[in-house]
Amino acid sequence: MRPAADPDAIRTTTDPPPAGTAPGPAPRKRRGALRYFRRRLGFYLFTAWAAVSLNFVLPRFMPGNPADTLLRDLQDQTGQAPTPEQVHTAQTFFGDPTKDLLGQYLDYWKNLAHFDFGVSVTNYPTPVSQLVGQALPWTVLLVGTTTVLAWVLGTALGAYMGWKPGSRFDAIFAPTTTFLHAVPPFWLSLVALWGFSYKLGWFPVGGGYDPKVPFSLNNVWFVLSVLKYGALPACTLVFVGFNGWLFSMRNVMVTTVSEDYVLLARAKGLAAWRVLFKYAARNALLPNITGLAMAIGGILGGTLMTEMVFSYPGLGLLLMKATTGHDFPVMQAVFLMITLAVLVANLIADSVYVLLDPRTRDEG
Amino acid sequence: MTDPALLQVDGLSVDYLTPQGSARACSDISFTLRRGEILGVAGESGSGKSTLITALTRLQRPPAVTSAGRIVYHPADGEPVDLVAQSERALRRRRWRQLAIVMQSAMDCLNPVMRLGAQFTDVLRTHDPSLDRAAAWQRAGELVRMVGIAPDRLPAYPHELSGGMRQRSLIALALACDPDLVVMDEPTTAVDVVMQRQILAQVLRLRERFGFAVVFVTHDLSLLLELADRIAIMYAGRIVEIGSSADLYHRPKHPYTKGLRDSFPPLHAPLRELSGIPGSPPDLRDPLPGCAFGPRCPRAHAACEQAVPPLRTVEAQDVACVLYDPQNPEATAHA
């Protein structure tokens with residue numbers, strides 16, 4: 001017997017069942033997501049415009065006259081007077097005192113649209129776009145693949161470690177990866193190069209492919225040589241790279257597994273893998289996704305040191321050579337590309353995040 | 001109350017192992033829960049209520065360990081099993097079909113990146129693999145409708161629901177696989193009093209309909225008086241008094257029960273003077289040799305410090321207090 005426990009006495013108004021049930025999940029929030037995406041896109045377009053315009057403005061505010069300096073360097077390099085076209089492009093990018101700013105600005109955009117960044121000073125008279133175009137695939141191939149590989153490896157291992165913090169696996173690997181994370185990549189590259197290439201002779205000492213094999217993507221031997229030359233730098237990059245992902249994933253995972261919804265998932269008697277993936281890792285993954293997008297944006301910058309150590313013909317090596325040779329057109333083109341790549345990667349991160357975390361989809 | 005027993009808890013103890021030594025959060029807990037019965041568990045913060053919940057459902061995580069006792073579960077068909085001795089694998093088959101839980105913070109209990117409906121269908125289809133996707137979704141719709149949520153809210157994400165809806169959907173979720181026992185850990189603390197009444201009314205009505213038993217844990221004794229068939233009062237990890245709601249309210253035996261009762265105003269009776277309980281709960285890492293409530297008890301005397309008093313049947317309820325020890329000269333059995 002219960003005091004005042006007559007259920008009718010406190011009956012609620014909520015019950016009579018409304019007719020009609022939804023037969024399946026409906027895409028009711030798709031519209032909100034699209035609107036969010038459009039707003040973000042607008043923001044990124046504006047940022048891109050600002051970055052490109054800054055690239056135009058900065059040389060014009062530099063003390064002295066960068067365009068004249070560049071043309072003088074060019075003359076020193078080649079021993080002959082620059083052609084009128086070269087003068088024109090140099091002035092498009094670095095300022096022409098005789099033309100009005102607006103006209104220069106429009107010319108600048110026109111050249112950008114044609115991927116015309118002028119000619120390289122150190123590799124005269126190769127156009128900058130050609131130099132960049134040659135280096136780009138190597139970097140995308142090497143750094144892109146290794147970034148993704150390191151991310152997948154680190155995130156998966158981190159999720160497993162954070163699932164059972166304090167387990168033997170965790171106790172051994174957590175300090176090990178902290179140590180490896182602190183190892184500078186170029187140092188490890190040097191050690192790997194010395195050990196595996198000089199001492200053991202398993203891998204070539206440098207370069208991106210075997211120069212004795214004809215350069216053609218249809219040639220199996222060429223592709224194999226690319227893999228052989230890329231193996232050591234790739235392994236080094238993955239080995240250094242995955243530790244950071246592992247560490248951050250593990251730490252987020254440790255706090256996520258103690259969330260109530262993970263406990264409830266366990267109480268529901270769901271299979272262990274489902275609790276791990278759909279409840280714990282699925283939520284712990286979110287910060288790492290942002291991290292991956294940032295890292296992908298950074299790919300175009302190449303990994304300067306690693307590419308240097310392995311003389312890998314990528315953007316990092318190109319940028320390094322341009323810097324030491326004061327090759328401003330090349331530097332400017334590479335920097336512009338890095339900026340745009342970071343922006344695109346951030347846009348992708350934002351969009352993916354909206355798909356992964358419904359809480360960010362809120363309108364308003 | 002002639003229903004068969006559903007759960008027999010016998011001498012259950014739970015320890016938290018800390019570097020400073022172990023703390024016994026639940027000590028020698030024994031009670032029997034009958035089919036369809038609502039047992040309320042009341043106590044202050046830190047009295048071991050929530051620890052008891054995770055121990056009953058075998059959901060505790062290190063550093064908590066069940067150090068002694070048995071939790072014997074009597075299925076509707078089949079042999080009784082001791083849940084403490086079951087493997088995680090065997091438990092998983094029982095979870096939700098026989099043993100469901102409603103947890104305290106509805107805010108944090110739903111997976112923020114899954115649609116509400118999906119959090120129903122995954123458990124439905126786990127325990128009934130023959131159920132196809134559409135049928136599971138249909139069933140989820142029926143379940144949420146029972147607690148007054150329109151089925152067209154199923155595709156919503158948890159953050160799009162109000163606090164009350166979330167809490168009610170957790171109750172609907174607990175009933176998804178028609179369990180024998182639903183354990184509820186303060187399911188109404190995060191909602192306002194109006195929603196609290198609605199939820200309690202729904203729990204009672206659904207209990208009438210489906211006949212599940214409930215262990216309902218709260219710090220709010222007044223709430224239990226309206227909801228529970230029987231009430232257990234916990235103090236410092238022990239049950240100090242257990243009996244029917246009416247007996248406990250009208251004829252509390254333990255000084256602590258009296259203190260709890262007198263610290264909130266009665267709803268349907270003339271007002272009486274309210275009084276609190278001075279002091280704070282003891283440190284579980286350093287238990288007293290005698291009654292843990294002694295230092296705060298208005299009727300404490302020398303006998304209280306000698307040994308932990310066992311539960312004794314006094315009239316209609318069981319109480320752990322030396323005042324009811326027939327050998328105690330200070331005993332005032334009919335205080």
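This is a predicted model: local features need pLDDT of at least 70, side-chain atom pairs count only at pLDDT 80 or more; totals for chains, interfaces and linings use all residues.
Which residue forms a salt bridge with Asp180(B), and how far apart are the closest N and O atoms?

1. Residues are numbered from 1 along each chain as its sequence is written, chains are lettered from A and ligands numbered from 1 in the order in which they are written, and side-chain values use heavy atoms, with hydrogens and water left out.

2. Chain A contains 13 helices and zero strands, where helices (H or I, at least four residues) and strands (E, at least two) are DSSP runs numbered from the N terminus. Of its 364 residues, 44% count as buried, a word that stands for under 20% relative accessible area, with exposed meaning over 50% and partly exposed in between (1.4 Å probe, protein chains only). Among the contacts in chain A with a separation of 6 or more, 71% are between residues 24 or more positions apart, a contact being heavy atoms within 4.5 Å.

3. Chain A exposes about 19,300 Å², of which carbon and sulfur atoms supply 69%; such areas come from the Shrake-Rupley method with a 1.4 Å probe, and for residues only the protein chains shown count as cover. A nonpolar surface patch of about 600 Å² is made by Phe186(A), Trp187(A), Leu190(A), Val191(A), Leu304(A), Met305(A) and Met308(A). Patches consist of residues with over 30% relative accessible area and no salt bridge, joined within 9 Å for like charges and within 5 Å for nonpolar side chains (Val, Leu, Ile, Met, Phe, Trp, Tyr). Helix H7(A) gives the most to this patch, with four residues, whereas Leu304(A) lies in helix H11 of chain A and counts as partly exposed because its relative accessibility is 33%.

4. In chain B, an open sheet of eight strands has the order E6-E7-E8-E3-E9-E10-E12-E11, with mixed pairing; two strands pair if DSSP finds at least two bridges between them. Strands E6 (99-102) and E11 (312-314) of chain B stand at the edges, each with a single partner strand, so one side of each has no neighbour in the sheet. Within the sheet, strands E7 (residues 181-185) and E8 (residues 213-218) of chain B run parallel and are joined by five bridges, and Val182(B) has Val214(B) as its bridge partner in E8(B).

5. To return to the opening question, Asp180(B) forms a salt bridge with Arg35(B), the closest N and O atoms being 3.6 Å apart. Asp180(B) lies in the loop between helix H6 (163-174) and E7 of chain B, and Arg35(B) in the loop between strands E2 (21-34) and E3 (38-42) of chain B, so the pair ties together parts that are 145 residues apart in sequence. A salt bridge is a side-chain nitrogen of Lys or Arg within 4 Å of a carboxyl oxygen of Asp or Glu, and the structure holds 19 of them over all chains.

6. A further salt bridge in chain B joins Arg230(B) to Glu37(B), with the closest N and O atoms 2.7 Å apart. Because Arg230(B) lies in strand E9 (residues 230-235) of chain B and Glu37(B) in the loop between E2 and E3 of chain B, this pair ties together parts that are 193 residues apart in sequence. Glu37(B) counts as buried, at 3% relative accessibility, while Arg230(B) is partly exposed, at 23%.
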